[in-house]
2 protein chains.
Amino acid sequence: MTEPIFLFAVHNHQPVGNFPWVFKQAFRDCYEPFLIALAEHPAIRFTLHFSGPLWEYMEAKERRSWDLVEEMADRGQLELLGGGFYEPVLSIIPEEDRSGQLRLMSDFLAENFGRRPRGLWLTERVWEPHLPKTLAGAGIEYTLLDEEHFHYAGIRDIERPYITEEEGSPLILFPVSKALRYLIPFRAIEDVRAHFREVAGRGGVAILGDDGEKFGLWPGTHKWVYEEGWLSGFLAFLENEGVRTMTYSEYLDSRPSLGLVYLPPASYEEMMEWVLEPADFDRFRALKREVSPEAQRFLRGGFFREFFLKYPESNHLHKRMLLVSREVRENPSPEAARKLYKAQCNDPYWHGVFGGLYLPHLRESAYQHLIEAEKRLPLNSGWETLDYDLDGREELFFRHDRFNLLLKPSSGGSLVEFDDRLLGRNLSDVLARRPESYHRQVDHGPGEGGKSIHEQAKKLPPEAASLLRYDWHPRYSLLDHFLHPQTTLDKFRTVDYGEQGDFANQEYKFTQEGNSAVLFRHGHFWAGGERSPIRVAKRIEPTEGHVLITYELENEGDKELAFLFGIEWNLYLLPQEWEVRKEKISLLGGKWHLDFSGGPAIWHFPLQTLSQSEEGYDIIQQGMCFLPHWKFSLAGRQKFGLTITLREGHES
Amino acid sequence: MTEPIFLFAVHNHQPVGNFPWVFKQAFRDCYEPFLIALAEHPAIRFTLHFSGPLWEYMEAKERRSWDLVEEMADRGQLELLGGGFYEPVLSIIPEEDRSGQLRLMSDFLAENFGRRPRGLWLTERVWEPHLPKTLAGAGIEYTLLDEEHFHYAGIRDIERPYITEEEGSPLILFPVSKALRYLIPFRAIEDVRAHFREVAGRGGVAILGDDGEKFGLWPGTHKWVYEEGWLSGFLAFLENEGVRTMTYSEYLDSRPSLGLVYLPPASYEEMMEWVLEPADFDRFRALKREVSPEAQRFLRGGFFREFFLKYPESNHLHKRMLLVSREVRENPSPEAARKLYKAQCNDPYWHGVFGGLYLPHLRESAYQHLIEAEKRLPLNSGWETLDYDLDGREELFFRHDRFNLLLKPSSGGSLVEFDDRLLGRNLSDVLARRPESYHRQVDHGPGEGGKSIHEQAKKLPPEAASLLRYDWHPRYSLLDHFLHPQTTLDKFRTVDYGEQGDFANQEYKFTQEGNSAVLFRHGHFWAGGERSPIRVAKRIEPTEGHVLITYELENEGDKELAFLFGIEWNLYLLPQEWEVRKEKISLLGGKWHLDFSGGPAIWHFPLQTLSQSEEGYDIIQQGMCFLPHWKFSLAGRQKFGLTITLREGHES
């Protein structure tokens, strides 16, 4: 019997902007003990990827891990994988940034460990068929993909490498075994042994590339992997039972034959389900259960880029990033490029079983780095019109060395982004509440009762029922509401009220007058089944130190209309960072103020989401909703004026 | 009720290398009468695409059509679409060639008709998500895709345009209605009227972009469209019943809102079935019938690039084209680039309901243009080793100003390409016989009994049974066979014999010795259930005017072995171009000769395929198979030598 060959790759990553204690804990419980265990078995060859944020942290604070990596790399036990330095999804960032991020990592590994990487860890294995050209251009010879990628192309033998090409640039592709992903480190060594024998019996190679966090950081794994000895048992098995471990490059140097393949865009199976809207998620899951194994190759979930359609907040971050990227290309600066690259870290752009997009501190970090990149570029103060998000409608962007305003006339004439450039904060970064497939309590696991986080059935927390209120419009600011005079804060908060106007998410027209942008809409007011014409106009005039917003409401009909008019603001603020005082809201501990004329009442409440993560469910405060509102009536043809001042302040 | 809006685009194409009489007939029966009919209705706006081969032919020979296009373009009735000039599938050619082909078309339209195109006809609607960047860079604002592309992304409303982006470069996408593709021009005007009303009732736009050959060139359509008056009836309906026709650009200038989409790679539904292997084709068809309408979006057939896996001959053409393209990039020359672009014309790279790859004259034209491009580049005479087809194994390429030889050690040590550079002919371009889904007589149509060629059930011809013999190895040359001494020509021809050696498609090793390449394999001979070691070595030594091929067979065992040893040649030759005379074969009317030592008998027979086309089934002679063979026995450890001379000749 042929000896089993095992290609073992481990990928370690923590997002840019994650809490320092997470980095620390990850090294303590996971990365370092893993390296220590491997270093004790010099005969076991393996392949390792750390993302840039981990390399930077390790270099500064985790010297023992760093030295172990160096020692094992020096003696040829360990091959290091390249990648985009700050772990971007390569297919969603511009080509020049792809090359820049790949170069940053290859240079880093060459300088510190003496070798440029030949292989690449493909972030979240998000594959698109044009990537080989970029990768070959960056000196990359191979990458790892999931076996699903190969199944979609009708390939059944996933125990050997393949080759693909783009424009004649080759790239070798290793299929990662899904069976091994679920076996290691979750099942008994005897199951792994049996699997290795089967693979070798078929003349194949056992190929694994998976998240290193499985070895100590995922819930329950530290105890299992180290204290209960799974890893030492596994390494002893590899060393003593004739398993031939090789690095990926060593295996390639043995000159295996390579079948040509062309793979459609894909990622791992779970990712292509997470990207689906809940109704489609259920339909797709049901379909997969019905269809015969031979026909499974024809089933395809979503496609990574569809996260931008599922989550407008992800789309905004992405299109904002593309805008900064274009400006960095136009004004090259290594410092600005590095900030941009940090903002491209994949985590806040999507959501699956990890928090990702739902985690405000990751989004905050991305915006902070975008703003920091912008600050290193020449500033053209003033208004600019551009269709940054490509919806065929222009947006208004005001930039200034102190703050940015981004207005979206086509969606409620709203304020989509308000950045404090000094602090590097996008205060408008508030995630709306929307349905997720896991909000309905069903078991999404494959039903094998395993330990992988993809398999764990989780119970919704008891507060779920009160939290699962979904927003019908994005949580931007300057949203104009006409509410029934009897509407209460609680009804508004729980989205249990009837909107009487058609303004909050509808199209406004705009003109520019001097330094002002004027947004206006001829819309309607409904009452008692009747429709009356009403006009809302808002003039936004930024000047030194403040922004003056002047509203004019005009009853364009003849009937008198009575309502509660509210102007909604949604801002990302920590609990101690805001205060409502009569007709004012103090923001960021007094760094900014909102002053309202006309003596409004101001409702306010936290916006909370319920999302899933590795550990279970998270209830996360995404921001504060403020609704200054005025109760009054307008006679036919009557007008009403209001002003809002957004101003810098110096008191705390 | 809103007036129906109809966006009408027609795409006309004939492949590079198609017979001149086809071009002539196409203008006579189809393109010209269509233009005449439209010119009589100046109020009807439409959009038109001609591929480069048609523009060139029209400019030279079809002045009436040319003048009609000019007249209608001048008066704004007609918008012309751009594209890759010689109609390449954009995703399978290098980026620089994409840009070059797009520029060639845009320049041509600007010079001749005064406007650069804003829209693009996407060849065979083969979409990949990275195309927008290239297209935006070429000044293209929009293209047309099939509604299937949108369904795969979960989009239900296909009666409006969308927008997508790559790296922030936008591209507007119009979904082509499948219902309209089947209605126009095949159904009664009243059905079209009803459909237009439905679309307008939903607030949508009727969007059609389809092959112009439906209007007169497809079987039966000339009579129906012109003689029986379908087109005049349709145009009268458009003009007199308040249908608002617009060019695509006019419609875009009306500033419709554009939803953002991200579409996975796709083409029209039929294409993604044609690319599948027959067993998968059946499985996929069955699956589609079983699955509910809401879940159809999750079904995905193949992916255009998989044609390279289904047909090794398409893969060879593609990888050979990529090689020439690289050399053209390294030695820029507009003449070489134009020849290369002609070789990129899509038709011979795939096969569906049209002949395509199965048509030898289209493949011949592609190779001719590749050789013509090569002739315009600096020639490095001699051997070169390279892995041109990216299978992880090197090939041997010998180039000379008179001929090229391309040998593939990893597949039988065979001769994959023999080019006569003076004639611009690849004599090795022989398509193997392989199963096709339509070889089994089933009705693949949607069963509505319509007139579209996608719907017509065709009957296999009576000769089918004798033709449907499938090859177990590619039809290259220098293939080494060990056959039972009783094997007959007829058994060999019908692939009804037992191969006793393991050489014809197995891996040979190689070395280079001076100007010779030596290919050798230690293989086996099977007889009576026993296996004996046998070695085949072949030395290929090209010199001025001829190639000397020296064989050595060695019985590496002790047992005497009796067999018939044959060296198979498959060459693409017309019936009058070859002659077998005793121990010689005369090729290309005496321009080349094959002389064999040792007095072989020479079997020969035509290789015929059965393939489908618009009109039904074609029986096509793909080339001649020659099997010079020697009957002898080898005692243990005995060797046997043979020589073959491939030489230029001057007799006829």
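Predicted model: local features only at pLDDT ≥ 70, side-chain atom pairs only at ≥ 80, totals over all residues.
## Two helices side by side in chain A

Let's start with a helix pair in chain A. Two packed helices are described by the angle between their axes and the distance between the axes. Helix α1 of chain A covers residues 20–39 and helix α3 of chain A covers residues 63–74; their axes come within 10 Å and cross at roughly 30°. Angles under 35 degrees count as roughly parallel, and α1(A) and α3(A) are therefore roughly parallel to each other. The crossing of α1(A) past α3(A) is left-handed.

Which residues in α1(A) and α3(A) meet? From α1(A) come Phe27(A), Glu32(A), Leu35(A), Ile36(A), Leu38(A) and Ala39(A), while α3(A) brings Arg64(A), Ser65(A), Leu68(A), Val69(A) and Met72(A). Sorted by type, the residues of this contact of α1(A) with α3(A) are eight nonpolar, one polar and two charged.

## A crossing pair in chain B

Now turn to chain B, where helix α2 (residues 52–61) and helix α3 (residues 63–74) have axes that come within 6 Å and cross at roughly 110°. Angles of 65 to 115 degrees count as roughly perpendicular, so α2(B) and α3(B) are roughly perpendicular to each other.

On the α2(B) side, the contact is made by Trp55(B), Met58(B), Glu59(B) and Lys61(B); on the α3(B) side, by Arg63(B), Ser65(B), Trp66(B) and Val69(B). These residues of the contact of α2(B) with α3(B) divide into four nonpolar, one polar and three charged.

## A helix with buried residues

Back in chain A, helix α13 (residues 278–290) has 13 residues. From its first C-alpha to its last, α13(A) reaches 19 Å, close to the 18 Å expected at 1.5 Å a residue.

Which residues in α13(A) are buried? They are Pro278(A), Asp280(A), Phe281(A), Phe284(A), Arg285(A), Leu287(A) and Lys288(A). An α-helix has 3.6 residues a turn, so residues three or four places apart point the same way. The buried residues of α13(A) pack against α12 (269–274) of chain A.

## A closer look at Phe23(B)

Our last stop is Phe23(B), found in helix α1 (residues 20–39) of chain B. Is Phe23(B) buried or exposed? Phe23(B) counts as buried because its relative accessibility is 7%, and buried means under 20%.

Leaving out residues up to four places away in sequence, Phe23(B) touches Gln14(B), Pro15(B), Asn18(B), Pro53(B), Leu54(B) and Tyr57(B). Phe174(B) is 151 residues from Phe23(B) in sequence, and the two are 29 Å apart in space, C-alpha to C-alpha.

Methods:
Residues numbered from 1 in each chain as written. Chains lettered and ligands numbered in written order. Heavy atoms only, no water. Axes fitted to C-alpha atoms, helices over the stretch in contact; angles between N-to-C directions. Helix = DSSP H or I, 4+ residues; strand = E, 2+ residues; numbered from the N terminus. Parallel < 35°, antiparallel > 145°, perpendicular 65-115°, else oblique. Left-handed = near helix turned anticlockwise from the far one by under 90°. Contact = heavy atoms within 4.5 Å. Nonpolar A, V, L, I, M, F, W, Y, C, P; charged D, E, K, R; others polar. Expected span 1.5 Å × (residues − 1). Buried < 20%, exposed > 50% of the residue type's maximum accessible area, 1.4 Å probe, protein only.
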